[in-house]
Every structure is written in C-alpha cells, then in structure tokens.
Amino acid sequence: MAQYTRVSGFVGLITLQNPPVNALSAAVRQGIVDMVERALSDQNVKSVVICGQNGNFCGGADIKEFGTNMSGPPLVPMIDAIEAANKPVVAAIEGIALGGGLELALGCHYRIAHSKARLGLPEVTLGLLPAAGGTQRLPRLIGVPAALNLITTGRHVTAAQALQLGIVDQVTDHNAVDVAVKFSLSVAGQSLDARRISTYPCPLPPDFDALFEGVMQKVRQSARGAIAPVACVQAVRAAATLPYTKGMEREQELMATLFTSGQTRAQQYCFFAQRAVGRWRMPSGACWETSKPRPVHKAAVIGLGTMGRGITVALAQTGLSVVAVETQEKQLMEAKQAVSGMLERGAKRHGVAPRLDRISYSQNIQAVADVNLVIEAVFEDMALKTDVFHQLSAVCKPGTLLCTNTSALDVDKLASEMPNPELVVGMHFFAPAHVMKLLEVVYGPRSSPQAVATAMQLGKKMGKVSVAVGNCRGFVGNRMLMPYLQQAFFLLEEGATPELVDQALEEFGFPMGVFRMSDLSGLDVGWRIRKREELVEPDMASGQSARIRQGSRYSPLGDLLCEQGRFGQKTGQGWYQYDKPGSRVARSDPWLHSFLVEYRARHGLVPRSIDHQEVLERCLYALINEGFRILEDGIAAGPEDIDVIYVFGYGWPRHRGGPMFYASMVGLAKVLERLEHYQQVHPDVPYLQPCSLLRRLVASGSPPIQRWGEVIKKRQSQL
Ligand code: COA
Ligand code: ADP
C-alpha cells in the first residue's frame, strides 16, 4: 500500500496509503521497499519524494500488528536502504510524522514540513522506544539534550519547533508535496554524503555524564516503575558513546526487552481503550453511532468556585462563547481575575492569544437565556442544585441542555424534578477542571441519548477524555475509591502507618499514596459526605461497637481527624504535618503516630506488622472488586471505561493499564482467591465479598479482558 507515480518528469513520488494515519503495516512497508527500488532503478528518475495520502505523512508503526506474528520487511533495513540511496529522497511531511513515521523521515536526505504538521517519537507512551534508528539518528541530528527530551517524553512538536530544533530543513504554508517535488529536483545530482544522518558524529555535550545522570534521575522519579523511559535514556546514551552500528545493536537489544514486557501490553491496551470509550453505549442500546449531538455555540457556567472557574477556562479555550454566572459579587470579581490569569498563562504556553473576550460575566441567571448548554457548578447541595435547575428551566430557551457538575449527587433525582428530565446529564469534572483530562458524563434512565452525545462531544472539544457512565453513588471513579479508602483506614487500625501505606502505593506507581492524596484534596470533603449519609455519629443506642456503622465495619479515623480541625494541607495538618497551611511538603507527624497508638488501645486493637503486599492486595483488590460490581450493574459499558477513568482521573499508573487490566494480568483466579482470603479474615467488610461477576469469569476460565463482555452480557440477558 504505497503508490508510485512519476511527477514533474523526473521525480518518483511514493505515497503511503493506509487510512486513516498511514501506519506502517506489513503491506505499507512492502510497498515502500518495492517503490523505492523501482524509483532508484528507473533511469528517468532523478529524485524521490515520500509523502502520505490524505494530508497525513505517517502515524508510525502499526500498533495493531504488535503482539501478532509480524510479517513483511522490517523497518530498519528499509530505512537504511533509503538513506543509502544514490538519488536524493525527500520526506514531504503533512499532518503527522510520528514514531516510525518520523524515523522514516530521518532516513530521508531532506525533510520539508507543512506549517501545521506535528512531529514526535511517542513510542515511550506505548512502553517502547523508537527502534527504527530513532534513538540513534535524532541525537546525531539535533544533539543529545533535545533528543533526550523528545524521546523520553514522547511529546509532539510543531513544524516551527521542528525547524528550530533542526529536525526539518524547511517549513511551508503551501502544499508540502509540491514544494518537496520542486526542491528534490533542485538538489538532484548533488552529493548526498553530508545528508546521511547515521554518518554524523553525535555531538557530545561538555557535561556529558552529569547530563545523563540528571535525566536518568528525573526519568526514574517521574516514571515510577515504568521501564520504557529508562530504556530510552540508555539507548540515547548508546548513540552518544558508540559508533552507529553498535548503537543500533543496543537499540534493538533494549527494544527486545520492552517489546515482550507486560508494560507495553498495558500501554497499548490504554491506547486503544482511550479511543474505545468514544464509542459509548447506553444500556438501552443507544450509542455514539445512532445519536447525533446538538450543536453548541454558546455555553453557560453557573457558580464560579474552583470547579466553575476551571470549567469556564476549558470552555473558553475551545473558542465557544461563555456566560459565567456567580451570585456573590466578591466571588465574581475574584473569579474574573482568576479565570483571566489562567487563560493568559495557558495562551502564553501555547503561543496564542488568550480568549478573554469569549467570556461575559453576570450576577444574574437571566444572562443565560440564549445559551445552548449550561454547566451548573454551585455548592454540592441537592436542594440548592434543584433550585438552580428550576430557575434554569424557566430562563433557558427550549431544548437547552442542563448539565450538573457533581461528584456525588444523584443526577437522576435532580432530573426527575425538572419539566424536561431528558435534557439533564451529569458532567463530573476533576479539579483543576482546565487541566485534568478526565470527564465522566453521567446519564440517568431519563437522559436522552442526544443529551449524552452532546455532552460527550463537548468534552472532546474541551480536550477531555470523556467516558459515559451510569448514575449511582460515586459514579465509577469515586464509587471504586470508597473500598480503597476504607481498606487504607482499616490498615491503620490494624497496625500500619500512613507512610507505610503511601509508600506501597507509590512504589506500585501512583503519583501519591492515598493519605497524601487525601491531605491534598481535603479530609473535610469525605467528612461532609459521610455526615450527609449519617455515618459519622455512632449508634450508641444499639449497643454496638463505635467501629460498626449501619451494620458493617467502619473506621472513624478520618472523622476524628476532622473533629480536630485537621483537614490536610489547607490547615497544615492531616495524615501528615506541613510547615504551614497550604504548604505541600508532607512530613511524618509524631502526633498522628501517638494518636494511632492511643486509638488502637482504646478500641482493643492489637497492632501487627503489615507488609507492602498486603497493602496492595487489600486496597487494590477491594477497588477492583467494586469495578466488577460496576460492570455487573451496567454502570460502565466495559472494562476499558473503568481503566480509562482510573488512568486519566485517578493517577493509576498507565504502565499497569488500569485496575481491570491489572486484574487480568495478575490473574482473575488469584484476585478471587485473595479476596476470599481477606473476606474470611474480615467477615464484617462487605466490600471484600467477591463479586459474582468475578466468580463467573473465573468459572469461565478467566477469558482475556476483550472477551469479558460475553460473560457480562450472558448474565444481563438472564436478568
Ligand atoms: N497504528 C495503528 N492504528 C493507529 C495508529 C497506529 N500507529 N495511530 C492511529 N491509529 C488508529 C487509531 O486506533 C484510530 O482507530 P479507530 O478509528 O479504529 O479507533 C484511528 O487510527 C484514528 O486515530 P485517533 O487517535 O482516533 O485520531 P487522532 O486524529 O485523534 O490522532 C494520531 C491521530 C496519529 C495523533 C494518534 O492516533 C496517535 O497518536 N497515534 C499513535 C502514534 C504512535 O504512537 N506511533 C508510534 C507507534 S510505535
Ligand atoms: P467548588 O466546589 O467549585 O470548589 P464552591 O462549591 O465553593 O466551589 O463554589 C460554588 C460557587 O457557586 C460559589 O462561588 C457560590 O457563590 C456559587 N453559587 C451558589 N449558588 C449560586 C447560584 N444560585 N447561582 C450562581 N452561583 C451560585
């Protein structure tokens, strides 16, 4: 799948053809090999141009081929042959040149990019390294520090940045193929000796060892157990210290380890899962294919607290007109300033003009009369939200979509109070809403598929990874967090410290353990919810232990800290202590340790030694077990939805694929066996009771995650 034509009399034009991104499948590689041979042997051809069909140069290796029996010509000799050609070969880069696509371009003698093109080596995000010479050619071309940056982060650069770095030779606003054809003729017949990157010496920075040490340290710290970024550094080091052919051998060696690792499987799974959640489906059968979103030109945000401000910024950045309403004058003034600041900083980072003029502010809800969609972000209070929704129903034009930003309230109950419940959906953003990638779009039984489609499309426009989920307590993400948090509290009661629990979770790959995270987000948030659920007051009249609430084991530890005013970072004390309120560096707190000792003694709890393995099993398997319940209840359409939510919203390490993928890697039988074990030890904890879907999956021989749907459907059809 590469087309060959002769253009301008003397130029062999090779066009990659594999929609949508011209990935380098076996057929495409074969096509390139054949067409390059043809162009080089054609006496009439003086130069060659390689381009991609439909305005995309090439999206790199075909990820769908990984893990299969790969056939067809390998990339490395194919690119080497292009570089060795005795006629100039020019890459005409439009759209994207990513991964193997950029490596192919680096094998060409010249690179010409359209100004809108994006280039990069994103393999690290798939748990791999650029193993078609990318780690050896790029540092030779642009120097070690810049190459390390691109290869270890996988970030894309614009054509202008690529020109500045020296990755491309020319950027054009015109048709890049036409420009490349003309250019290739202008250099035909010239010596190519100075154009073969593999022959370049790798420029060595003066502080070579310090540079590599620094980068390696940084990478290890941020990678948290991911092996690919480390291998990327090692491969670039080989480029800097070894001759090209030896460096290539090292690149291949490192790739061989990565290619068969569980981490790359997890990251490839994440890649496809992220795309699969866009193809959402509701239990009614309504789905992305059959539901057309309504156009949204103008949107409103009601309530400009932390969430409302972030949402306003994210909406304005899409280019939409936004009406921002806040009833408190002081809040409104502060919000205006904060929103403008966020927009200006964001625009500066992207080198564009801030979209301040897209937003109009008002203290009056009447200002939203002509919008297509409203996102309400007032206090988490059902009565207040209901009141605001009644006002909106009266003010807005018919058909306006009403979205509530909530992390905990019943979206369907809110909808049921409205004259048009089909127009109501939840949009659960994560703080800070203009930064965090995840959006849970929550539908109730009354929400129309069109409302869901509109919210999903808006989320996409806002740059979010949007996942459609059903309505239940905590939706998907927070519902699974409950058993996880609960186990962490119980572990403290049984003898662990916050430090031990956090260390185990951070070594697993979370950016923050559960207690550090709880200090960051504020202990009072959960306390308020537990108060609302009447969990905080022990039922002394029943004569039961203070650690039993509503019939199950309960740990009041979080409540006790809140009673002391220890809300976490914002008060300078929580599970850890901080230098002052608002400071970020968590330090062990001797007070907390004595408090735990005293608490255990008061409740007759004998502390025991707890290891990391138990922390992981108790916290993660309880969370995963709830994930199976969510699948069984039809709240998430499939395991991919849950995994995407956890990777993009809850810091689950991407190289472990998300909780449900992780369970499949550990082995469902093992997860079940450990849950059964812990349930026997802790019979008063319902969350540890293995979910019947997990049992059925194990009984069905633990099928691969892609086939769990069959077992789920079978069960649902029996109901
Ligand atoms: N191999 C196989 N399929 C690929 C692919 C690749 N390298 N890159 C993209 N695709 C597929 C996607 O799976 C998707 O398929 P679907 O429509 O069946 O879901 C389709 O191409 C479109 O991709 P999508 O990501 O939805 O489009 P986009 O316009 O938002 O983004 C890219 C395009 C190329 C930027 C993005 O797909 C990407 O980053 N691809 C991976 C590039 C990469 O890592 N290459 C190195 C591989 S080692
Ligand atoms: P967050 O949860 O986003 O951190 P808050 O819950 O503190 O923030 O913010 C909610 C905001 O909503 C407050 O600024 C409050 O003044 C505002 N608000 C409350 N009721 C209304 C209302 N009826 N109309 C508009 N804004 C409101």
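Predicted model: local features only at pLDDT ≥ 70, side-chain atom pairs only at ≥ 80, totals over all residues.
Residues are numbered from 1 along each chain as its sequence is written, chains are lettered from A and ligands numbered from 1 in the order in which they are written, and side-chain values use heavy atoms, with hydrogens and water left out.

We can begin with ligand 1, which is surrounded by 18 residues, the closest being Gly59, Ala61, Ile63, Arg275 and Arg279; a residue is near a molecule if one of its heavy atoms lies within 4 Å of it. Several polar contacts (pairs of N or O atoms within 3.5 Å) can be followed here. A polar side-chain atom of arginine 275 lies 2.6 Å from an oxygen atom of ligand 1, a polar side-chain atom of arginine 279 lies 3.0 Å from an oxygen atom of this ligand, and a polar backbone atom of alanine 61 is 2.8 Å from one of its nitrogen atoms. On its own, ligand 1 has 860 Å² of accessible area, of which the protein covers 71%; such areas come from the Shrake-Rupley method with a 1.4 Å probe.

Helices (H or I, at least four residues) and strands (E, at least two) are DSSP runs, numbered from the N terminus. Strand S5 (96–98) and helix H11 (262–276) each supply at least two residues of the shell around ligand 1, and H11 gives the most, with 3 residues. By class, this shell has 12 nonpolar, 1 polar and 5 charged residues, where Ala, Val, Leu, Ile, Met, Phe, Trp, Tyr, Cys and Pro count as nonpolar, Asp, Glu, Lys and Arg as charged, and the others, Gly among them, as polar.

Ligand 2 has 16 residues around it, and Thr306, Met307, Glu326, Gln331 and Phe379 come nearest. Oxygen atoms of ligand 2 lie 3.0 Å from an N or O atom in the side chain of threonine 306, 2.8 Å from a backbone N or O atom of methionine 307, and 2.6 Å from a polar side-chain atom of glutamate 326. Taken alone, ligand 2 exposes 580 Å², and the protein buries 78% of that. Helix H12 (306–317) and helix H14 (382–395) are the elements that give two or more residues to this shell, which divides into 9 nonpolar, 6 polar and 1 charged.

Away from the ligands, we can turn to the nonpolar cores, which are sets of buried Ala, Val, Leu, Ile, Met, Phe, Trp, Tyr and Cys residues joined through side-chain atoms within 4.5 Å. Buried means under 20% relative accessible area, exposed over 50%, and partly exposed in between (1.4 Å probe, protein chains only). The largest nonpolar core has 109 residues, of which Val368, Leu392, Val501, Trp575, Leu620 and Phe628 touch the most other members, and helix H23 (residues 612–633) gives the most to this core, with 11 residues. Apart from it lies another core, of 76 residues, among them Tyr4, Ala113, Val157 and Phe212.

Finally, threonine 15 has its place in strand S2 (residues 11–16) and counts as buried because its relative accessibility is 10%. Alanine 105, found in helix H3 (residues 100–107), counts as buried because its relative accessibility is 0%.

Terms used:
Polar contact = N/O pair within 3.5 Å; in protein donor to acceptor, adjacent residues only side chain to side chain.
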